Amino acid sequence: MPAAPELVCPAGSLPALKTAIDHGADCVYLGFKDATNARNFSGLNFDEKSLHEGVAYAHRHGRKVLLALNTYPQTDNWPSWTRAVDRAAEAGMDAIILADPGLMAYARRTHPTLRLHLSVQGSATTHEAINFYHEHFGISRAVLPRVLSLAQVAQVIAQTPVEIEVFGFGGLCVMVEGRCALSAYATGESPNCQGACSPGKHVRWEQTPKGMETRLNGVLIDRFEAHERAGYPTLCKGRFEVNGASYYAIEEPTSLNTLELLPELARVGVKAIKIEGRQRSPAYVAQVTQVWRAALDQLARNPEGFRVDARWMSELNKVSEGQSHTLGAYHRPWK
Amino acid sequence: MPLPAFTLPPLFARIGPHLPQLPPTLALVGGLNLALDRILPRDHLDALTGKKLMLRVLDAGMSLRFTLGERGFRPLLDTGRPDLCISATTRDYLALALREEDPDTLFFNRRLVMEGDTDLGLLVKNTLDAVDWSALRLPLPGLAPR
């Protein structure tokens with residue numbers, strides 16, 4: 001049985017980073033306060049001061065800090081992205097998570113010892129693609145898109161020297177990773193380049209006689225009755241009228257939760273489990289990190305006797321988007 | 001021990017709106033001003049300057065209107081439509097302040113409602129999440145250092 005996977009937790013702020021470390025994260029990933037990361041929301045993310053304090057805090061506790069540099073630069077703003085690579089290297093960050101091959105080439109050339117991870121936004125689902133990034137840019141780890149079944153994850157791992165990280169918990173979307181155009185269609189701003197799916201300035205929530213309505217740049221996405229659970233204001237999770245019926249036409253809001261697959265993920269050789277949610281608060285980070293730490297510790301102590309504790313599931317369900325959780329594509333009997 | 005679930009008796013929500021809103025608003029802005037520039041960086045909140053903000057405490061029947069001016073937060077007597085309105089119960093505001101509850105979780109459960117300019121709402125939420133409470137142990141302005 002390979003070693004239990006590393007736990008990689010999100011941080012949108014310094015208190016979230018400290019909370020993740022205090023509750024047992026092995027690695028924390030974060031972004032800068034600009035479009036170089038895919039959670040570019042007002043008030044979120046790290047400036048120089050909080051970055052340096054965060055890296056020092058993590059390293060003091062023997063943990064790692066990763067930079068999410070997972071959006072795609074354009075010709076007119078290329079220097080902002082290369083500057084972000086330099087900032088990560090200067091701050092002593094342990095790795096950068098990249099999607100753009102040009103940026104990978106820059107990082108490899110300029111900072112030869114800096115560890116590179118291939119972002120989920122790179123959308124590499126085959127060992128051929130992952131090995132290409134490994135051969136050309138020396139990536140050490142790849143984060144798999146959330147579209148592969150467990151059997152496919154195992155096949156990828158068997159055919160690559162690159163460490164594989166998978167998503168273990170958090171909000172799901174349509175998962176056209178790095179290539180989704182839905183939010184851009186409604187707002188004119190690309191999440192893959194500007195770093196925000198449903199940017200706040202385009203979102204409006206309004207209480208109306210028919211219920212709470214949410215709009216993205218004027219497009220009605222959903223209307224919630226008084227006691228219905230709300231979701232994030234994204235097009236893929238909206239309810240639309242199709243042929244006279246109104247329903248979640250693309251996808252129902254739901255959260256990925258792979259706790260029960262943990263022994264299998266470890267057995268096939270997954271090196272790290274990623275928790276989604278840099279946009280969430282320190283309270284979420286505490287709740288989720290705590291549960292996953294307990295599960296990974298139990299797995300390490302007793303791999304054969306691993307059982308999902310019902311309290312873990314209820315803790316995770318409390319903070320989930322949507323009314324349900326799912327194993328996503330990992331559990332897919334059809335091929 | 002986590003905060004228990006509670007709602008103020010319905011009487012509060014009934015009489016609250018008929019009581020003066022200025023005293024609780026003064027208490028709120030007083031607290032915010034103590035935090036401003038110490039644990040709440042002013043430059044992060046620039047986008048709030050001149051915006052009409054409203055905090056509704058649903059079970060207390062309170063609607064606290066305030067704004068951020070050059071010299072800090074101050075009550076607002078304007079009863080027009082606010083730029084940002086945040087609504088929750090006393091218990092949930094306390095749980096948020098204590099970092100026992102995640103705002104998105106309360107939002108999914110419809111216990112935290114944000115209306116108006118969503119970008120301002122995200123700025124407020126994320127700036128509060130980024131507050132490092134340990135910095136509050138620094139001496140208050142005007143007090144001699146210990």
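In what order do the three strands of the open sheet in chain A stand, and is their pairing parallel or antiparallel? The order is S8-S9-S10, and the pairing is antiparallel. Here, helices (H or I, at least four residues) and strands (E, at least two) are DSSP runs numbered from the N terminus, and two strands count as paired if DSSP finds at least two bridges between them. In this sheet of chain A, S8 and strand S10 (219–224) stand at the edges with a single partner strand each, so one side of each is left without a neighbour in the sheet. From one strand to the next, the twist averages 20°; for such angles, axes are lines fitted to C-alpha atoms, for helices over the stretch in contact, and values run from 0 to 180 degrees between N-to-C directions. Strand S9 (residues 211–216) of chain A is joined to S10(A) by five bridges, and the two run antiparallel. Within this pair, Glu213(A) stands opposite Arg223(A) in S10(A).

The structure is a predicted model, in which local features need pLDDT of at least 70 and side-chain atom pairs count only at pLDDT 80 or more, while totals for chains, interfaces and linings use all residues. Residues are numbered from 1 along each chain as its sequence is written, and chains are lettered from A and ligands numbered from 1 in the order in which they are written.

Chain A as a whole holds 11 helices and 15 strands. Its radius of gyration is 20 Å, close to the 20 Å that the globule rule gives for 335 residues, so chain A is as compact as a globular protein of that length. This radius is taken over C-alpha atoms, and the rule is 2.2 Å times the number of residues to the power 0.38. Along the principal axes, the C-alpha atoms of chain A fill a box of roughly 60 × 55 × 40 Å. Of the 335 residues of chain A, 50% count as buried; a residue is buried if 20 or more other C-beta atoms lie within 10 Å of its own, exposed if 12 or fewer, and partly exposed in between, with C-beta atoms placed from the backbone. One mostly covered element is strand S3 (residues 64–69) of chain A, where five of six residues are buried. Strand S2 (residues 27–30) of chain A pairs with S3(A) in the parallel sense over four bridges, and the bridge partner of Cys27(A) in S3(A) is Lys64(A).

The domain assignment divides chain A into domain 1 (6–172 + 254–330) and domain 2 (182–248), with bounds that come from an automatic or database domain assignment. The centres of these two domains of chain A, taken over C-alpha atoms, are separated by 27 Å. Their contact takes 16 residues from domain 1 of chain A and 10 residues from domain 2 of chain A, where two residues are in contact if their C-beta atoms, placed from the backbone, lie within 7 Å. On the side of domain 1 of chain A that touches domain 2 of chain A, there are four nonpolar, 10 polar and two charged residues. In these classes, Ala, Val, Leu, Ile, Met, Phe, Trp, Tyr, Cys and Pro count as nonpolar, Asp, Glu, Lys and Arg as charged, and the others, Gly among them, as polar.

Buried residues make up 33% of the 146 residues in chain B. Strand S4 (residues 84–88) of chain B has four of its five residues buried, so this strand is largely enclosed by the rest of the structure. S4(B) pairs with strand S1 (residues 53–57) of chain B in the parallel sense over five bridges, with Met54(B) opposite Cys85(B) in S4(B). S4(B) also pairs with strand S5 (residues 113–116) of chain B, in the antiparallel sense over four bridges; Ile86(B) has Met114(B) as its bridge partner in S5(B).

Where the chains meet, 28 residues of chain A are in contact with 24 residues of chain B. The largest share of the side of chain A that touches chain B, five residues, comes from S8(A). By class, this side of chain A has 12 nonpolar, nine polar and seven charged residues.
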